[in-house]
Amino acid sequence: SASVPNLILLDIMLPGEDGLQILKKLRNDPETKEIPIIIVSAKTAEFDKVKGLDLGADDYITKPFGVMELISRVKALLRRTTTVTQPSAEISFNDIVLDYDKRTVKVNGKPIRLTYKEFELLYYLLKNQGIVLTRSSIMNQVWGFDFQGETRTVDVHIGSLRQKLGEGGKIIKTVRNVGYKVGDDI
């Protein structure tokens, strides 16, 4: 392909084709699956946000929004997705092995397909084994943005991550009223 964008702003309400269908296509195409996507939606129903995030969007913004807010979200997302980190190549816990450089996750040697955000979330949890992470610290670290009251986003991603990891997902513990941690039983 000629050129792949650094970031996609995707309106859900498009004439002709449903934005969520486009999102699915972008996430299933190897060319575009890593591109950060911000969903733009006039719908404020939590269902739509959650569905969009479930399908692999990295952030969402609801109309009407100010240009400054949009710019700061775009900048925050680009910062998160282009930071050149020099992490230890591999982190493992029990049966889960995450290779940051190759962007692979294996459970019992079996590769697991994660979205960009799910991968970053798992990396952050594994990097802080045994430490209870609040939802807002997860929001800041993984989304590069402090969503006031948007902790549902974190919960949705934790849920899909646990599901994809199968048995391995049990390492992610919920700490009531606080957040999450990776580790042995609390």
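# Structural report on a predicted chain

Asn94 has a relative accessibility of 57% and therefore counts as exposed; exposed stands for a relative accessible area over 50%, buried for under 20%, and partly exposed for values in between (1.4 Å probe, protein chains only). The model is a predicted one, in which local features need pLDDT of at least 70 and side-chain atom pairs count only at pLDDT 80 or more, while totals for chains, interfaces and linings use all residues. Residues are numbered from 1 along each chain as its sequence is written, and side-chain values rest on heavy atoms, with hydrogens and water left out.

## The chain as a whole

The chain holds six helices and ten strands. These elements are DSSP runs numbered from the N terminus, with helices (H or I) of at least four residues and strands (E) of at least two. Of the 186 residues in the chain, 48% are buried. The accessible surface amounts to about 9900 Å², and carbon and sulfur atoms contribute 52% of that area; the areas come from the Shrake-Rupley method with a 1.4 Å probe, and for residues only the protein chains shown count as cover. Among contacts (heavy atoms within 4.5 Å) with a separation of 6 or more, 52% join residues 24 or more positions apart.

## Backbone features in loops

Asn94 belongs to the loop between strand E4 (90-93) and strand E5 (96-99), and its phi is near 50°, a positive value in a residue other than glycine. Asn177 also has a positive phi, near 65°. The position of Asn177 is the loop between strand E9 (172-175) and strand E10 (179-182), and its relative accessible area of 72% means that the residue is exposed. A further backbone feature is the cis peptide bond between Lys63 and Pro64, with omega at about -5°. Pro64 sits in the loop that links strand E3 (59-62) to helix H3 (67-82). As background, most residues other than glycine have a negative phi, and most peptide bonds are trans.

## Helices H4 and H5

Helix H4 (residues 116-127) and helix H5 (residues 135-143) have axes that come within 10 Å and cross at roughly 125°. Axes here are lines fitted to C-alpha atoms, for helices over the stretch in contact, and angles run from 0 to 180 degrees between N-to-C directions. H4 and H5 are therefore oblique to each other; angles under 35 degrees count as roughly parallel, over 145 as roughly antiparallel, 65 to 115 as roughly perpendicular, and the rest as oblique. From H4, the residues Lys117, Glu120, Leu121 and Tyr124 meet Ser137, Ile138, Gln141, Val142 and Trp143 of H5. By class, the residues of this contact of H4 with H5 comprise five nonpolar, two polar and two charged. In this grouping, Ala, Val, Leu, Ile, Met, Phe, Trp, Tyr, Cys and Pro count as nonpolar, Asp, Glu, Lys and Arg as charged, and the others, Gly among them, as polar.

## Individual residues and their surroundings

Asp58 lies in the loop between helix H2 (46-54) and E3. With 0% relative accessibility, Asp58 counts as buried. Its contacts, apart from neighbours within four places in sequence, include Arg27, Leu77, Tyr116, Lys117 and Trp143.

Thr153, a residue of helix H6 (residues 151-165), is buried, with a relative accessible area of 2%. Beyond its neighbours within four places in sequence, Thr153 contacts Leu53, Tyr60, Met139 and Trp143.

Glu34 occupies the loop between helix H1 (19-28) and strand E2 (37-41). Its relative accessibility is 36%, so Glu34 counts as partly exposed. When residues up to four places away in sequence are not counted, Glu34 touches Arg27, Arg103 and Tyr116.

Val107 is part of strand E6 (residues 104-107) and is buried, with a relative accessible area of 8%. Residues up to four places away in sequence aside, Val107 touches Asp95, Ile96, Ile112, Leu165 and Gly168.

Arg73, located in helix H3, is buried with a relative accessible area of 10%.

The table lists C-alpha to C-alpha distances for residues discussed above.

| Residue pair | Separation in sequence | C-alpha distance |
|---|---|---|
| Glu34 and Gly56 | 22 residues | 9.7 Å |
| Asp58 and Ile35 | 23 residues | 9.2 Å |
| Arg73 and Tyr60 | 13 residues | 9.0 Å |
| Val107 and Lys164 | 57 residues | 9.7 Å |
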